[in-house]
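Student: I would like a close look at a single part of this model, with the terms spelled out as they come up.

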Amino acid sequence: MLSLPLTDDAELRALEPWQAPEFAAHVAAAREHLMEWLPWGTSAASDEGAAQLLQRYADAQARGEGRILGIWVGGKLMGGVLFRVWEQSRGMCELGVWLAPEAVGRGLVTRASRVMIEWAFRERGIHRVEWRCATGNARSSAVARRLGMTREGVLREAFPLHGVRHDVELWAILASEWPTRR
Ligand SMILES: CC(C)(COP(=O)(O)OP(=O)(O)OC[C@H]1O[C@@H](n2cnc3c(N)ncnc32)[C@H](O)[C@@H]1OP(=O)(O)O)[C@@H](O)C(=O)NCCC(=O)NCCS
């Protein structure tokens with residue numbers, strides 16, 4: 001299995017449609033934590049919903065327009081990183097992340113995000129990596145800050161979730177900033 005070590009016991013690996021049952025079980029176990037900020041925190045908790053989400057990313061990856069990787073800790077799927085949006089012609093993409101609550105606070109997502117950003121800039125020639133999070137999602141904005149991103153503004157009431165519209169912080173880092181800020 002192709003894998004990239006993040007720490008002594010954590011690794012970053014491809015997350016593919018055949019792993020839907022494992023992904024669904026992970027999302028179901030972390031549902032309360034994930035659904036607070038992720039639209040798929042509920043839908044991907046079933047085998048069918050997980051398979052649909054992973055297939056969407058597999059199709060996007062085949063077109064060169066997206067990617068999802070999982071973070072395994074001690075052999076158990078505990079989170080991941082993904083390119084939710086990929087616009088090669090405009091040189092832009094958007095990174096997203098999640099973790100099971102037990103895996104929070106160890107720097108796993110910051111490490112995995114660095115791998116993703118490095119790949120986007122160096123291998124794919126992307127110019128700008130974006131990060132969007134609800135203004136109330138302090139842990140998410142802390143990751144963007146830790147990655148050296150700039151908070152560029154707030155998209156007012158841009159994110160409807162469970163019947164509430166949240167303001168969204170837009171963060172980004174440019175390829176020219178990456179070597180110095182990483
Ligand atoms: C967003 C989310 C992934 C952030 O998780 P996180 O664990 O805070 O982020 P990281 O993995 O980067 O870890 C950072 C924490 O590990 C600590 N840490 C330890 N070693 C570290 C290292 N080598 N490098 C960076 N941070 C390290 C940091 O101090 C920080 O802890 P603190 O906030 O208590 O100070 C998590 O809160 C989550 O899954 N939320 C629900 C889903 C979600 O909101 N997704 C984003 C939608 S926009």
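Student: Which residues does the UniProt annotation "domain: N-acetyltransferase" cover, and how is the sheet built?

Tutor: The model is predicted, so local features are described only at pLDDT of at least 70 and side-chain atom pairs only at pLDDT 80 or more, while totals for chains, interfaces and linings use all residues. Residues are numbered from 1 along each chain as its sequence is written, and side-chain values use heavy atoms, leaving out hydrogens and water.

According to the unreviewed UniProt entry, the annotation covers residues 25–171; its positions follow the numbering used here, feature names are shortened, and annotations may be inferred rather than shown by experiment. This span is 37% helix and 37% strand, where helices (H or I, at least four residues) and strands (E, at least two) are DSSP runs numbered from the N terminus.

The open sheet has eight strands in the order β1-β2-β3-β4-β5-β6-β8-β7, with mixed pairing; two strands pair if DSSP finds at least two bridges between them. Because β1 (3–5) and β7 (150–161) stand at the edges with a single partner strand each, one side of each is left without a neighbour in the sheet. Within the sheet, β5 runs parallel to β6 (residues 128–134) and is joined to β6 by three bridges, and Cys93 stands opposite Val129 in β6.

Helix α5 (residues 108–123) packs on this sheet, and the strands it touches include β4, β5 and β6, contact meaning heavy atoms within 4.5 Å. The direction of α5 makes about 35° with that of β4, whereas helix α6 (residues 138–146) lies across β6 and β8 and runs at about 160° to β6; axes are lines fitted to C-alpha atoms, for helices over the stretch in contact, and angles run from 0 to 180 degrees between N-to-C directions.
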